[in-house]
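Subject: Structure handover

Hello,

Here is the structure for your files. Please open it alongside this message.

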Amino acid sequence: MGARRARRSEDLFSELDAYAHWFVAPDPSAGHFLTLTLFAECSSTGRITRDTTAVFLRGAVPDDIMYDARLVVSELVGNVVNHVVPDRCRAHAGGARRIDVTFKLYPKWLFIGVTDEDSTPPLLPMGDFYSPELVTAFSEAVLADSGRGLMLAQRMAAAVWWTPKQGGGKTVWCRFDLDGEAGLVAS
């Protein structure tokens, strides 16, 4: 099991060398940053994103925040893979859909942004009212057909929003509050 895990870590690092761009500020109090570029058509996009999140955050934030961030990043990247249609000006025949994942880790906050090539605003769930009896008796019937990933992100992160990109595309952001519980790991 240990050899398999070590081999998987080596594979992850070799894949990251091709796609990730690390920037670590000389002063840890100024923050640590990571940008990861992936493609929606790659079969291991979700796994690479989850593993990269864990590697970047391990030891730098409390474990519960690391696990929540892993799930939120996975949901946001999954939304790009399953729903994004690039803007006409950004689409290329036979081209792969680009996904940029940005991590900004400060002493009090963790910001995660997932950028895609579609300018269509994300459909953030508004929260429907359901009778308590209906929810307990027919809980599967009241689940929305879409928006569950963003709803999960809204529940786990302190804030979720989006910003348009100049030239097309958008970034969906989320913020986790660290409340000064964890210091940044010096590199």
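Predicted model: local features only at pLDDT ≥ 70, side-chain atom pairs only at ≥ 80, totals over all residues.

Residues are numbered from 1 along each chain as its sequence is written, and side-chain values use heavy atoms, with hydrogens and water left out.

Aromatic rings: rings of Phe, Tyr and Trp (its six-membered ring) pair if their centres lie within 6.5 Å; planes under 30 degrees apart are stacked, over 60 edge-to-face, and the rest tilted. The count is 5 aromatic pairs. One of them, Phe56 with Phe103, is tilted, at 5.5 Å centre to centre and 45° between the planes. Phe56 is in helix H2 (residues 45-57) and Phe103 in strand E3 (residues 98-105), so this pair ties together parts 47 residues apart in sequence. Helices (H or I, at least four residues) and strands (E, at least two) are DSSP runs, numbered from the N terminus. Phe103 is buried at 0% relative accessibility; buried means under 20% relative accessible area, exposed over 50%, partly exposed in between (1.4 Å probe, protein chains only).

Cysteines: there are 0 disulfides, a disulfide being a pair of cysteine sulfur atoms within 2.5 Å. Cys42 is partly exposed at 32%, whereas Cys174 is buried at 0%.

Thr163 stands opposite Thr171 in E6.

Regards

Terms used: Pairing = 2+ DSSP bridges.
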